[in-house]
Amino acid sequence: MLGKKDSLVVGLDIGTTKICAMVGQRRGEGVVEIVGIGNAPSKGLRKGVVVNIESTVQSIQKAVEEAEMMAGCQIRSVYAGISGAHIKAFNSHGIVAVKDGEVKESDVQRVVDAARAVAIPMDREIIHVFPQEFILDDQDGIKEPLGMSGVRLEAKVHIVTGAVASAQNIIKCASKTGLSVRDIVLQQYASSEAVLTPDEKELGVTLIDIGGGTTNIAIFFGGAIRHTAVLPIGGNHITSDVAVGLRTPVDPAEKIKQQYGCALSSMVSKEETIEVMSIGERKLRLVSRQALTEIIQPRVEEIFHLVHREIVRSGFEDLLAAGVVLTGGTASLHGIEEIAEKMLNGSARRGIPQSVQGLVDIVGSPIYATAVGLVLYGLRQESGGWISTKRGMVGKVRTRMREWFSEFF
Ligand SMILES: Nc1ncnc2c1ncn2[C@@H]1O[C@H](COP(=O)(O)OP(=O)(O)OP(=O)(O)O)[C@@H](O)[C@H]1O
Ligand SMILES: [Mg+2]
């Protein structure tokens with residue numbers, strides 16, 4: 001029914017609130033079908049980082065078993081997402097002389113290697129090297145330099161690094177579940193694969209994935225990734241504000257937030273009221289919905305204030321014509337697009353995973369952007385659909401993963 005087993009790719013989104021295993025398969029040219037999905041609440045993470053191996057292993061096991069049942073397959077390897085405040089990224093560039101007057105794959109590899117040759121502390125490792133553009137002699141803005149004539153080749157790249165220990169903990173958790181990790185992928189890069197259009201990446205756009213414990217940002221311009229950042233703040237902070245502000249336990253606070261919450265208090269009428277359970281009492285109290293939104297709004301403003309700082313830091317503030325795309329679970333909060341437009345001075349839309357078929361009812365939610373993106377990333381890698389520069393690097397990433405792996409097992 002599913003065709004060859006090895007044509008299945010599995011994304012494992014290890015989030016702060018949920019762990020999601022997603023199984024996808026290529027169905028003809030440009031068509032990806034999601035054939036299985038499994039979810040489990042995540043208990044072993046804090047702000048995007050694994051802090052308890054045992055509980056993370058249990059959650060991964062549950063999510064993977066569920067996905068296996070649905071897809072009717074056995075999962076052995078996954079593409080796993082990585083996040084957390086330890087992620088640091090920067091731009092770099094390298095220059096080489098072109099050997100035979102015409103750019104060959106080896107020249108591209110050498111120039112990318114030159115660009116990634118930066119001093120990195122022992123406890124950090126490179127997770128991605130994303131090429132932004134190549135410059136050949138005086139010609140800049142080249143996306144694919146192969147076969148072009150010239151003598152001096154320059155590459156501009158975006159390098160993402162992370163703490164070795166955090167990556168190793170992800171690999172360790174997968175391994176204890178009997179899974180091997182094919183690659184570790186920056187979560188917001190995965191999300192951007194799932195929800196952004198090529199036009200948006202070309203025009204300039206900020207992808208904001210607001211999860212439970214983190215807000216993950218990726219800024220694109222001219223078709224390339226220019227800036228990435230992870231902020232240790234997310235929807236869980238909104239929930240605890242609601243719990244404290246309304247003096248109610250966390251579980252009802254979460255329900256109230258999802259059902260009645262709104263990021264912009266001017267969007268709700270003064271008359272609306274909601275029922276709230278008090279801590280230690282069985283009685284329900286009536287609270288105005290506006291009081292709820294007044295608790296939520298400052299926290300959402302704080303998140304977008306920090307996002308704005310990253311946009312300014314990127315240097316692309318005035319160039320992002322496609323505005324912002326909001327995804328992750330917190331993108332479902334009412335009024336979040338409106339407040340994003342107000343605070344970030346541009347258009348905002350909600351990003352739900354595109355260009356996939358199968359289980360669309362379930363998968364068509366911003367909460368699955370990272371998991372779907374991991375599947376798309378994996379399929380692209382395995383079909384060799386990378387442009388030459390990336391293929392070389394992916395090879396390297398795999399070698400590096402093996403090194404991390406062998407160090408520990
Ligand atoms: N309808 C909704 N309205 C408001 N918030 C919501 C809604 N649905 C989900 N959320 C919030 O989304 C968050 C979970 O999102 P998501 O699953 O993307 O996070 P995660 O991937 O587990 O965490 P992270 O990416 O930070 O590690 C929770 O804080 C939850 O409260
Ligand atoms: Mg997430």
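## Lining of the largest pocket

In this predicted model, the residues that line the largest pocket divide into eight nonpolar, 24 polar and nine charged. The space inside the largest pocket comes to about 1,000 Å³. Its lining is made of 41 residues, and those closest to the centre of the pocket are Thr17, Gly211, Gly212, Asn236 and Glu254.

Several elements give two or more residues to this lining: the strands S1 (8-14), S4 (45-46) and S12 (205-210), together with the helices H6 and H7. H6 gives the most, with six residues.

## Ligand 1 in the pocket

The largest pocket is where ligand 1 sits. The ligand is surrounded by 20 residues, of which Thr16, Thr17, Thr214, Glu254 and Lys257 are the closest.

By class, the shell around ligand 1 consists of 15 polar, three charged and two nonpolar residues. Two helices, H6 (235-246) and H7 (250-260), each supply at least two residues of this shell. The largest share comes from H7, with three residues, whereas in the lining of the largest pocket H6 gives the most.

## Polar contacts and cover

Oxygen atoms of ligand 1 take part in contacts with Thr17, Thr214 and Lys257. For Thr17, a polar side-chain atom lies 2.6 Å from a ligand oxygen. Lys257 also places a polar side-chain atom 2.6 Å from an oxygen atom of ligand 1. At Thr214 the atom is a backbone N or O, and the distance to a ligand oxygen is 2.8 Å.

On its own, ligand 1 has 650 Å² of accessible area, and the protein covers 92% of it.

Methods:
Residues numbered from 1 in each chain as written. Chains lettered and ligands numbered in written order. Predicted model: local features only at pLDDT ≥ 70, side-chain atom pairs only at ≥ 80, totals over all residues. Heavy atoms only, no water. Near = heavy atom within 4 Å. Polar contact = N/O pair within 3.5 Å; in protein donor to acceptor, adjacent residues only side chain to side chain. Areas by Shrake-Rupley, 256 points an atom, 1.4 Å probe, with all protein chains shown as cover. 1 Å grid on protein atoms, 1.4 Å probe; cavity = no way out; pocket = protein on both sides within 12 Å on 5 of 7 lines; lining within 4 Å. Sits in = over half its atoms within 2 Å of the grid points. Helix = DSSP H or I, 4+ residues; strand = E, 2+ residues; numbered from the N terminus. Nonpolar A, V, L, I, M, F, W, Y, C, P; charged D, E, K, R; others polar. Points joined across faces, edges and corners; volume = space filled by probe spheres on them.
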